[in-house]
Amino acid sequence: MVSLAVGNWFAYQYTVAVSGHPQGEVAIERYVIKAIDGDKVTLARDINNGTPETVEGNLAFGTCVFDYSKLEKRGSDNMKTSFGSMYVTIYENDSGDEGQRIFIGKDNIAFRIINTRRTDNGLYTETRELCWSDVKL
């Protein structure tokens, strides 16, 4: 079982695509746990080592950041990750114009987060893929 502590960090590769065509460069979005008070978690979030911003999270969220409480469980799968093959539970919601899919592994770690929304230019997709962490997964 993973025990998260102040100072632990998780880094996600962040990509954007419109109708399957990549937009811009791959970014690195990093979250560092700054404080844990009961279930409440305070994190610092930075993109490409930029100026950090404070983000409030919860131990019940995927990797303390990604709230999937309103998503429906859709199944499970073995997923290839930067940490090897991981068994994940897939949660998703599709409201027609917007959708979200989150792949949650053991100890509530979010390995992949996909957000989509229909726009006039096509399907806009944001993907976060967990690639690095100081936590042994």
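In the predicted model, E92 and R74 form a salt bridge in which the closest N and O atoms are 3.4 Å apart, a salt bridge being a side-chain nitrogen of Lys or Arg within 4 Å of a carboxyl oxygen of Asp or Glu. This pair links distant parts of the chain, with E92 in strand β7 and R74 in strand β6, 18 residues apart; strands (E, at least two residues) are DSSP runs numbered from the N terminus. R74 is partly exposed, with a relative accessible area of 46%, where buried means under 20%, exposed over 50% and partly exposed in between (1.4 Å probe, protein chains only). Because the model is predicted, local features need pLDDT of at least 70 and side-chain atom pairs count only at pLDDT 80 or more, while totals for chains, interfaces and linings use all residues. Residues are numbered from 1 along each chain as its sequence is written, and side-chain values use heavy atoms, with hydrogens and water left out.

The structure holds 9 salt bridges. One of them joins R112 to E129, with the closest N and O atoms 2.7 Å apart; R112 lies in strand β9 and E129 in strand β10 (residues 122-133), so the pair ties together parts that are 17 residues apart in sequence. R112 is partly exposed, at a relative accessible area of 22%. The side chains of E53 and R45 also meet in a salt bridge, at 2.2 Å from N to O, in which E53 is partly exposed at 39% relative accessibility and R45 is buried at 18%. Both residues belong to a network of salt bridges that links E29, R45, E53, E126 and R128.

Most residues other than glycine have a negative phi.

The largest pocket holds about 190 Å³ of space, and its lining comprises 14 residues, of which N93, D94, G99, Q100 and T116 lie nearest its centre. Two or more residues of this lining come from each of β7 (84-94), β8 (98-104) and β9 (110-119). By class, the lining has 2 nonpolar, 5 polar and 7 charged residues, with Ala, Val, Leu, Ile, Met, Phe, Trp, Tyr, Cys and Pro counted as nonpolar, Asp, Glu, Lys and Arg as charged, and the others, Gly among them, as polar. On the 1 Å grid over the protein atoms alone, a pocket is an open set of points with protein on both sides within 12 Å along at least five of seven lines, a cavity is a set where a 1.4 Å probe fits but cannot get out, and lining residues have an atom within 4 Å of a point. Grid points are joined across faces, edges and corners, and a volume is the space filled by probe spheres set on the points. The count comes to 1 cavity of 30 Å³ or more. The largest cavity is lined by V2, M86, K106, D107, I109, F111 and L137, which divide into 5 nonpolar, no polar and 2 charged residues.

Notes: Helices (H or I, at least four residues) and strands (E, at least two) are DSSP runs, numbered from the N terminus.
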